[in-house]
Amino acid sequence: MFKRVLVANRGEIAVRIIRALRNMGIASVAVYSKEDRNAMHVRLADSRVCIGEGPARASYLNMDAIISAALNMECDAIHPGYGFLSENSTFARRCAENNICFIGPSPDIIDAMGNKSAARKCMMEAGVPVVPGTKEPIYDAEKGKKIAQEIGFPVMIKASSGGGGKGMRECLREEDFEEEFNMAQRESANAFSDDTMYIEKLILHPRHVEVQIMGDRYGHVIALGDRDCSVQRNHQKLIEESPSPAINDSIRMQMYKDAILAGQTVGYNSAGTIEFILDPSGQYYFMEMNTRIQVEHGVTEMETGIDLVMEQIRIAAGEALRFRQEDISLRGHTIECRINAEIPEKNFMPSPGKITGMLLPGGNGVRVDTAIYTGYEIPMEYDSMIAKILVHASDRDAAIMKMRAALDETLIMGIDTNLDFQYKIMNNETFCRGKADTGFIEAFTQGGKS
């Protein structure tokens, strides 16, 4: 087992990883930007190293600074968390070159699944259902338009290296294709330095359902339940829940089999997520794979009772999975609300600032993952998510009631947040009936209901 692990991240996920390391008796090293010198993860770690200025490119994306910090602190592993360098194969290779274990899948797997068009091709060949679309990459609008005509409009234009909604455009009409394609391609080139695109059939009114998988270095892959992530804005998730209210047990079991097949196909050896898109008829299709721990991993932890971060660390250290598929049992229902420092009434404008007071919810079946505290100054350089509130109850209706109570109990003073917005969703009829699709938030914000 590792003796000292560097956590190459910040915020709540860095705090989450440091706590897991502490529970395993492993020393932790935090890296931080000058902007984050007073952050909670810096305070909690056993050791800490400043790696640069506030902007991520000068700190949390600075491979040289992070590798140097790990070597100087004699770390034998690096946990990247999510975001930043977590799905960067170059960074994973740099770790290996310096005899540092990257706590995540191998660089080759990151490459295979990180490129969306390559991942689609891989899944097609494995027999996993994939949304109808291109098998080879597309580089110019003229060729893309011809393929879109063959697929049939509407279509979705996507960046092969995309993520977080960047480089994605819906195209409803043929006459808009070239403009939409060029816009998506420019955005992809700017965000990922990659202008490779692909095209797939646009599924109208879809649900977003993902399956958590875990694999080890010995060929074992298991599914640890599903999560519904349909409530999202600009492809950024706001609410996650498990199990998904959109699928029955028959679809669920087949989805698990396909998720395991996807993991086995690439020899997956860490915590990862197979994301599916579900059409109104109940047919699902592979969308992409996230080769990292997910923001919403806590939902699965509450459903299964398994600490995914600790398991991920054990697997990286060479241990075999301690669970078989028949050992995994899901219980009750879990909901997670992401709390962001933003103003929903002003087009979700970020709201950085100093927290002057706060009260977080508690009680049986309530969990809060956060890195904020009274007096903490939320920086403007990073993502606006400041907390995740999770509740677990015997069934979905009880979980919704518990989430309403938890949100009502939460108080964060000094900044604006989306707490009230989340509370309104928990009282929305469409959401409460389990009928919210990926267009729910747009309808909800425009008309106050869906």
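This is a predicted model: local features need pLDDT of at least 70, side-chain atom pairs count only at pLDDT 80 or more; totals for chains, interfaces and linings use all residues.
Residues are numbered from 1 along each chain as its sequence is written, and side-chain values use heavy atoms, with hydrogens and water left out.

Helices (H or I, at least four residues) and strands (E, at least two) were taken as DSSP runs numbered from the N terminus. Two strands were considered paired if DSSP finds at least two bridges between them. On this basis, five strands form an open sheet in the order β3-β2-β1-β4-β5, with parallel pairing. Its edges are formed by β3 (47-52) and β5 (101-102), each of which pairs on one side only. Two bridges connect β4 (residues 77-79) with β5 in the parallel sense, and A77 is placed opposite C101 of β5. Helix α1 (residues 11-23) packs on the sheet and touches β1 (4-7), β2 (27-33) and β4, contact being defined as heavy atoms within 4.5 Å. The direction of α1 makes about 170° with that of β1; axes are lines fitted to C-alpha atoms, for helices over the stretch in contact, and angles run from 0 to 180 degrees between N-to-C directions.

Helix α4 (residues 89-97) packs with helix α5 (residues 107-114) at about 175°, and their axes lie 8 Å apart. The two helices α4 and α5 are therefore roughly antiparallel to each other, a class that covers angles over 145 degrees. At their contact, S89, A92 and R93 of α4 meet P107, D108, I110 and D111 of α5. The contact of α4 with α5 comprises three nonpolar, one polar and three charged residues (nonpolar: Ala, Val, Leu, Ile, Met, Phe, Trp, Tyr, Cys and Pro; charged: Asp, Glu, Lys and Arg; polar: the others, Gly among them).

A cavity is a set of points on a 1 Å grid over the protein atoms alone where a 1.4 Å probe fits but cannot get out, and lining residues have an atom within 4 Å of a point. Grid points are joined across faces, edges and corners, and volume is the space filled by probe spheres set on the points. The largest cavity contains about 30 Å³ of space. Its lining consists of R207, D228, V231, E241, R396, F431, G434, K435 and A436, of which three are nonpolar, one is polar and five are charged.

Most residues other than glycine have a negative phi, and most peptide bonds are trans. The F153 to P154 peptide bond is cis, with omega near 5°, and P154 is located in the loop between α7 (141-151) and β6 (155-163). Another cis peptide bond joins S242 and P243, with omega about -5°; P243 occupies the loop between β13 (239-242) and α9 (249-265). N99, although not a glycine, has a positive phi of about 60° and is found in the loop between α4 and β5.

Key: On a 1 Å grid over the protein atoms alone, a cavity is a set of points where a 1.4 Å probe fits but cannot get out, and a pocket is an open set with protein on both sides within 12 Å along at least five of seven lines; lining residues have an atom within 4 Å of a point. Angles under 35 degrees count as roughly parallel, over 145 as roughly antiparallel, 65 to 115 as roughly perpendicular and the rest as oblique.
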